[in-house]
Amino acid sequence: MNLIYKEENEFKNYVNNKPIVIYDTGNTDTVVSYLRENGFLISHIICDDFWRWGKTEHSYTVKSSHSLKGGEYVVLITSPYYAYAVEKELLGLGIKDVFCYGFFDKNLNKTFKIGYNRRFVPGKAYPRAGNDNAYIAPSLTNNCNCRCPFCNVKYIKNNGYPDMPLEKYIALLDDIKGLWVHGRLIDTIELDGSRELFVYPQYKEAIVETAKRGFNIQLVTNGVLLSPENSKLLLENNLFVIIISVGGITADVYAKHQGFNETSDVIGSAEKQLQTVKKNVEELVKLRNEQGSQARIGISYILNEFTHPQLKDASVFWQSTGVDFLWGNAMVKTDEHGELLEERPHSNSGVPSEICFHLGVASNGDLHPCYFGEGAIENIVIGNVFETSLSEIVKTPVFNKFYERLSSRNPKNMHTVCAKCPSSGYTQC
């Protein structure tokens, strides 16, 4: 598969008056305009949504991918969304002339998400259906083994905060088991709470207790401590999604983001750490496949001026490991003290794309409406689960008023942090 290596000039030279079929994975308006402005011949649009088949969009008929059989077309995938899965599908149909508009160099300065086929193991139930349910992100610890300057959590400032007592965490799990919030069942625990789970002294017990109560586990980690033993522990205890955050694919670039833990040999240390992360991910994928687990494994690739030039090489490598998806994640810029210098770019118009049900619980029990944002979100406290059970907090006027304002879709009614939340543009192309 060479899709991600192909450039705009290669595309233009290759087309040579062949009809172009647009494969809609998002951003189609832009691609149609681009093709028209450059005088290309557009045949039709294809997509996976059968409700659109036979309809006309942008003056072109929408068809299924099977319409390509027997034809000589050049397919232009509109964005990196599911680009690798689409390419695999097209190769199965005998279509080899595939390009991706989102991978042209001029488009790589934007955030994106590359998704692959949803993992399906016959005879095993998928843990949950999409985003229909809610999840909670408890911060068991505020510590980390890395000093990442892009970190939203402002690790340096949080260092030294007490860990969440294990008994408090278990009490929280017992309280929310079977709990519905605004018509959504809480069935998944984001066990890291945007911190590093594996530095929590009792992380093994926390993982086991979470699974014992039937919750799915979602996790974000820097991957350094994701040993084969820890991978096995997660896979045996309802791992649902795990995302490994990585900045760069070579030691010098990685060192600027995650591999510079106050050592004298910065590059050497970064190289060793990066290789550890790569091996840990490969081992996790191998174990997942051997066990027939439905767990999805992804990479959050940090995007900035240093990592952008390596994006294609990084995409090639991480795809080769067998991970399920790759996020291009544009991060905030902070100084050495963790103070915000510049917010990450986003494309929303000021209103979150959907109502958030990603509750965050700080290690001191404070309940936050989410665990995203650039630190300010942690100033929004809508209760404390150590003082009042979460099952009771969700019934309070304070809690429900917050979501009532959020659901209004009016930035003037909701909290200022929510009104400018970049999450709705988090994976836009």
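This is a predicted model: local features need pLDDT of at least 70, side-chain atom pairs count only at pLDDT 80 or more; totals for chains, interfaces and linings use all residues.

Two strands count as a pair if DSSP finds at least two bridges between them.

**The whole protein**
- You're looking at 13 helices and 18 strands.
- Of the 429 residues in the protein, 54% are buried.
- The protein exposes about 18900 Å², with carbon and sulfur atoms supplying 51% of that area.
- Take the contacts between residues at least 6 apart in sequence: 69% of them join residues at least 24 apart.

**A six-stranded sheet**
- Six strands form an open sheet with mixed pairing, in the order β3-β4-β2-β1-β5-β6.
- At the edges sit β3 (56–57) and β6 (98–100), each pairing on one side only.

- Helix α2 (residues 28–37) lies across β1 (20–23), β2 (42–46), β4 (60–63) and β5, and runs at about 165 degrees to β1.
- Helix α3 (residues 83–92) lies across β1, β5 and β6, running at about 160 degrees to β5.

**Two helices packed together**
- Helices α9 (residues 266–291) and α10 (residues 311–321) pack at an angle of about 35 degrees, and their axes are 9 Å apart.
- On the α9 side, Lys278, Val281, Glu282 and Val285 meet Phe317, Trp318 and Thr321 in α10.
- Sorted by type, the residues of this contact are four nonpolar, one polar and two charged.

Note on methods: Residues are numbered from 1 along each chain as its sequence is written. Side-chain values use heavy atoms; hydrogens and water are left out. Axes are lines fitted to C-alpha atoms, for helices over the stretch in contact, and angles run from 0 to 180 degrees between N-to-C directions. Helices (H or I, at least four residues) and strands (E, at least two) are DSSP runs, numbered from the N terminus. Contact means heavy atoms within 4.5 Å. Ala, Val, Leu, Ile, Met, Phe, Trp, Tyr, Cys and Pro count as nonpolar, Asp, Glu, Lys and Arg as charged, and the others, Gly among them, as polar. Buried means under 20% relative accessible area, exposed over 50%, partly exposed in between (1.4 Å probe, protein chains only). Accessible areas come from the Shrake-Rupley method with a 1.4 Å probe; for residues, only the protein chains shown count as cover.
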